[in-house]
Amino acid sequence: MLLVTPEQMKKIESESNKNGVSFSALMQNAGKSLAEFINSVNTGLKSILFLCGKGNNAGDCFVASRFLIQKGWNVTLAMLCGKPETDISIKAFEKSNASLILWDQNDIIEFAEDSTKYSIVADGVFGTGFHGDLPETIKKVFNAVKGYKIAVDIPSGGSGSTGYASENTFKADATVTFGYRKFGMTQYPLLNFCGKIFIKDIGLNCDPEKILNKKIRLITDQLTNNIIPAKKPDSHKGNFGRLVTVCGSRKMPGACIMSAVSAARCGVGLLTTATISENIPIMSMKIPEVMFEPLLSDDNGFIVKDNLDKIITLTKKASAVLIGCGIGITPETKILVKELIRNINCPIILDADGINCISDSINIIRETRSGIILTPHPAEMSRLTGKSIADIQSDRLNTAVNFSAEYGAVTVLKGAGTIITDGSNSYVNLTGNPGMGKGGSGDILSGMIASFAAQGISLTEACMISVYLHGKAGDKAAQKMSMQSMLPTDIIGELPGLLKEMEK
C-alpha cells in the first residue's frame, strides 16, 4: 500500500490534472465518495454538521452536502474560517444547497452543543498540509461537537507530513482519506485521532510509481508474502546462510540468547555466537543448535579488543554478522566494534550497544565493505544524529531517510510506526503493541533481521519482513498473555506459527 506525504499528493493531483482529470473533477469525486460513506453510517438521524474551512478540504464537504441533500439529509454548514477562497471551493459552496449555514462563532458552538440537531459531524476545516497549532476558536468548536465524528482526508490539527497533532486535534471515529493514505496517519500522536481509516478512490489519472522519486509503503501481508524463498527439496544447511553474532556480556547474557534463538527460529542454516566464555554453558543449554566462539573478557565481563583477529577470522565465511546485543559500552568494546565495521566483508547488522559504541564517530559507517543495517530506537538515533529525541519523534521519516542517504545504510527507526528506509524507498510498519515495550524485544528483532539477511534476502526486505513478523508475533502474544504480562520471549514462541502460515 502506497503512502504519500502532502507534497507528494499535490504532485500526483497536478499530474492527474495535466492528464485530463481536473482538480474540480477530483473534488467532485472526493465529495461524492464522502457523501456515500456518510450515507452508509447508520445513526438513525439523517442530519449532519459539516465543519468547514476556507480551502479545498471544505470544498469536498460542499460537494458532499449537495449529494446528501438529494438523499434526504438535513445538512448544516458551519463556516469556521469565513468564506471559501479557492476557485473550485467557491463554486462548490455556491452549489451546496445546505439546509442551514452558520457563520457566527457563538451560533456555531450553540448548534454544536445541541446533539438533537445532528447525529454526524464531519471535519473539513484544514487539509493535509496543516502544520502548527489550532486556533483557540477552532479548539472550542471541536470540544463542543457531539455524535459520530468523521475527518475529511485528515483530522484537522494533524500533520500529514510528520504525524504531529496539535492540542485538541479533531478526534475522529473514522477518517475518509482520498487517493492514498497520508504518511502522517501512520505515526503517533496523529494516528490516535484518526479512528478507522477508509481510503477512497477519486479517479486520479497518473502512475505515482513513475512520478515519485522517493516512495513510502505500508508493510502488509501482500508486500511480505514472497520475500522468503521456497526451500528446494535438495537444499542443505549451507544453502541457508551463515550468521555470526557478536553479543553478550556478564551483565547481559539474555540479549545474546534471545538474539540467537530468534535468528535460529527464522531459518538461518548455520549460526555461530561469539561471546564471553562464561556465557557459553548457559547458552548451550538454552539453544544447543548454536556453535560458539569463546571470547576473552575483562574483569567486569565485557568483551575486550584482543578478540579482534579471532572474530574477523570467524566472519570470513559468514553471510551476515550481528554486532551489539548486550556487549556493553566500554573503551575496549568501542575499539572492537569500530575495527569490526572496517574489516568485515559481509553485511553487518548493528544494534543496541553496537550503535552506542560508534555514536562518537559515526563516519565509521562509511568504511563498511558491504551493506550495513542500523536498528536504533529514538534515544540511540539521538546519539547518532545529535538531534534531540523530541526533534526525531516530530519528524521520524525525514530523520531516518536523511540519515540513510547520508551514510549509505539501511535504517530501522524503531517505535510505534517503525520506519525502514534505504534513503530512497521507505516502509512503515503498524503491527505490534505497547506490551512489546520491554527489555529484550529489540534483541529478538535484531536476531530476526540478521537471520534473513544471512539467508541472502536483500537488506531492506530482511528488515521489512522481520519488523512486520516481530509485530504480528507480539500481537499474538498479547492476545494470549495480555500486554501487561507478555514477555519478549513470548514473541519468539509465536514465530513458528506465523512462518508456517507464510509457507502455505
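This report describes strand pairing, salt bridges and a charged surface patch in a predicted model.

## The open sheet

Twelve strands make up an open sheet with mixed pairing, in the order E8-E1-E10-E19-E18-E17-E16-E15-E14-E11-E12-E13. Its edges are strand E8 (181–182) and strand E13 (291–295), each of which pairs on one side only.

Within this order, strand E1 (residues 2–4) and strand E10 (residues 215–218) are antiparallel and share two bridges. Leu3 stands opposite Ile216 in E10.

Strand E5 covers residues 120–124, and five of its five residues are buried. Burial applies to both faces: Ile120, Ala122 and Gly124 lie on one side, Val121 and Asp123 on the other.

E5 runs parallel to strand E2 (residues 47–52), with five bridges between them. In this pairing, Cys52 stands opposite Gly124. E5 also runs parallel to strand E6 (residues 148–152), here with four bridges. The bridge partner of Asp123 in E6 is Ala151.

## Salt bridges

The whole structure contains 16 salt bridges. One of them joins Arg250 and Glu278, with the closest N and O atoms 3.1 Å apart. This pair links distant parts of the chain, 28 residues apart: Arg250 is in the loop between strand E11 (242–246) and helix H10 (253–265), and Glu278 is in the loop between strand E12 (270–276) and helix H11 (280–286). Arg250 has 39% relative accessibility and therefore counts as partly exposed; Glu278, with a relative accessible area of 42%, is partly exposed.

Asp360 and Lys334 form another salt bridge, with a closest N and O separation of 3.9 Å. Asp360 lies in the loop between helix H14 (353–358) and strand E16 (372–374), while Lys334 lies in helix H13 (residues 331–343), 26 residues apart. Lys334 is partly exposed because its relative accessibility is 26%. A salt bridge also connects the side chains of Arg366 and Glu406 (3.5 Å, N to O). Arg366 is in the loop between H14 and E16 and Glu406 is in helix H17 (residues 396–407), so the pair ties together parts 40 residues apart in sequence. Arg366 is partly exposed at a relative accessible area of 44%, as is Glu406 at 45%. Elsewhere, Glu136, Lys139 and Glu167 belong to one network of salt bridges that share partners.

## Negative surface patch

A patch of negative charge on the surface gathers Asp104, Asp107, Glu110 and Glu113. Asp107 is located in helix H5 (residues 105–112). Asp107 counts as partly exposed because its relative accessibility is 40%.

Definitions and conventions: Residues are numbered from 1 along each chain as its sequence is written. This is a predicted model: local features need pLDDT of at least 70, side-chain atom pairs count only at pLDDT 80 or more; totals for chains, interfaces and linings use all residues. Side-chain values use heavy atoms; hydrogens and water are left out. Patches are made of residues with over 30% relative accessible area and no salt bridge: like charges are joined within 9 Å, nonpolar side chains (Val, Leu, Ile, Met, Phe, Trp, Tyr) within 5 Å. Accessible areas come from the Shrake-Rupley method with a 1.4 Å probe; for residues, only the protein chains shown count as cover. A salt bridge is a side-chain nitrogen of Lys or Arg within 4 Å of a carboxyl oxygen of Asp or Glu. Lys and Arg count as positive and Asp and Glu as negative; His and the chain ends are not counted. The place of a charge is taken as NZ of Lys, CZ of Arg, CG of Asp or CD of Glu. Buried means under 20% relative accessible area, exposed over 50%, partly exposed in between (1.4 Å probe, protein chains only). Two strands pair if DSSP finds at least two bridges between them.
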